[in-house]
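Good morning. Please have the sequence and the model open while I talk.

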Amino acid sequence: MAQNQYWPLRLTDKTCFSPSCMQAQTLSKFLIRSLFLTLAMLALWWGLDSFFNGSVWEGMVISKSALVVEYCEFNNVARFFHQRMNTYSNLAYFFFGVLILQIAYDDYKNEGLRRQNRLESFPMLSALMGICFVYLSFGSAFFHASLTWVGQRVDMNGTYGITLVLVSIGLYHVLHNVRFTPLAKAIWAGLLVVLIVLFLEIALLIPSSQLLPA
């Protein structure tokens, strides 16, 4: 059978035009970028731990919990990272934070250009989630590296931040019949940031077992 000269594509063409295929390619690109950025951060942290020692943290107030809890790893106060594995493991939060930020930016670029689900149409919420993941990555790494009181405060605030954004996303879906204007979404995101910052003080007044019950 003669090949139709007007048919633009052959079965062997690798060009991908279906929405699902294009989304898979975009996600793959985001994953690869997140991986390389995480490896770069790993190299930076390894360099810091190799160049500095535990004396950097001298003079800072030690966390009370660090005096009685080992957090599944023995403390090596001679090293810059007092708890190496607990510090490096926070790179997982960094990886997912960068990934979510890329997805949020992609949703922002495609606003009005393609049909989006409810969360895709509110990229600021996704961006806040990604920022909180990165924040927790650095905050928790700071705490387990130094075992200081201020490090624990930042660590817990990152945890509260992720929780508050998740609750906010849930509330946004509960209010699925409400159509928020861009200004209303900006106010929502701004108030959420203020609330996360306020939790730095709220956490000093209410035990974490009550703020985040197991």
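First, a caution: what you see is a predicted model. The protein chain has 214 residues, and 36% of them count as buried. There are eight helices and zero strands. Reading along the sequence, then, you get the pattern α-α-α-α-α-α-α-α. Now take the contacts in the chain with a separation of 6 or more: residues 24 or more positions apart account for 73% of those.

Next, the helix pairs. Two packed helices are described by the angle between their axes and the distance between the axes. Please find helix 4, residues 91-109, and helix 5, residues 123-146. Their axes are 7 Å apart, and the packing angle is about 160 degrees. An angle over 145 degrees counts as roughly antiparallel, and helix 4 and helix 5 are therefore roughly antiparallel to each other. Their crossing is left-handed. On the helix 4 side, the residues in contact include Tyr93, Phe94, Phe96, Gly97 and Ile100. On the helix 5 side, they include Met129, Gly130, Phe133 and Val134. Sorted by class, this contact has 17 nonpolar, four polar and one charged residues.

Let me stop at one of those residues, phenylalanine 133, which lies in helix 5. Is phenylalanine 133 buried or exposed? Its relative accessibility is 17%, so it counts as buried, the cut-off being under 20%. Leaving out residues up to four places away in sequence, phenylalanine 133 touches Tyr93, Phe94, Phe96, Gly97, Ile100 and Ile162. There is also asparagine 90: in sequence it is 43 residues from phenylalanine 133, while the two C-alpha atoms are 9.5 Å apart in space.

Helix 5 also packs with helix 6. Here the axes come within 7 Å and cross at roughly 160 degrees. That makes helix 5 roughly antiparallel to helix 6. This crossing, too, is left-handed. The contact of helix 5 with helix 6 has 16 nonpolar, ten polar and one charged residues.

In the loop between helix 5 and helix 6 you will find leucine 147. Some background for it: most residues other than glycine have a negative phi. Leucine 147 is not a glycine, yet its phi is positive, about 55 degrees. With a relative accessible area of 4%, leucine 147 is buried.

Now move on to helix 6 and helix 7, the latter being residues 182-205. Their axes come within 9 Å and cross at roughly 145 degrees. The crossing of helix 6 past helix 7 is right-handed. From helix 6, the contact involves residues including Trp149, Asn157, Tyr160, Gly161 and Leu164. From helix 7, Trp188, Leu192, Phe199 and Ala203 are among them. The classes here are 14 nonpolar, three polar and two charged.

Two of these residues deserve a second look. Tyrosine 160 lies in helix 6, which covers residues 149-174. Its relative accessibility is 3%, so tyrosine 160 counts as buried. Which residues is tyrosine 160 in contact with, leaving aside its neighbours within four places in sequence? They are Phe199, Ala203, Ser208, Leu211 and Leu212.

A search of the whole structure finds 17 aromatic pairs. One of them is formed by tyrosine 160 and phenylalanine 199. A pair of aromatic rings is described by the distance of the centres and the angle of the planes. For tyrosine 160 and phenylalanine 199, the centres are 5.4 Å apart and the planes are at 55 degrees, and the pair is tilted. The pair links distant parts of the chain, since tyrosine 160 is in helix 6 and phenylalanine 199 is in helix 7, 39 residues apart. Phenylalanine 199 has 12% relative accessibility, so it counts as buried.

Elsewhere, please pick out Phe51, Phe52, Trp57, Phe80, Phe81, Tyr88 and Phe142: these form one aromatic cluster.

Tyrosine 160 is buried, phenylalanine 199 is buried, and their rings form a tilted pair.

How values were computed. Residues numbered from 1 in each chain as written. Predicted model: local features only at pLDDT ≥ 70, side-chain atom pairs only at ≥ 80, totals over all residues. Heavy atoms only, no water. Axes fitted to C-alpha atoms, helices over the stretch in contact; angles between N-to-C directions. Helix = DSSP H or I, 4+ residues; strand = E, 2+ residues; numbered from the N terminus. Parallel < 35°, antiparallel > 145°, perpendicular 65-115°, else oblique. Left-handed = near helix turned anticlockwise from the far one by under 90°. Contact = heavy atoms within 4.5 Å. Nonpolar A, V, L, I, M, F, W, Y, C, P; charged D, E, K, R; others polar. Buried < 20%, exposed > 50% of the residue type's maximum accessible area, 1.4 Å probe, protein only. Phe/Tyr/Trp six-rings, centres within 6.5 Å; stacked < 30°, edge-to-face > 60°.
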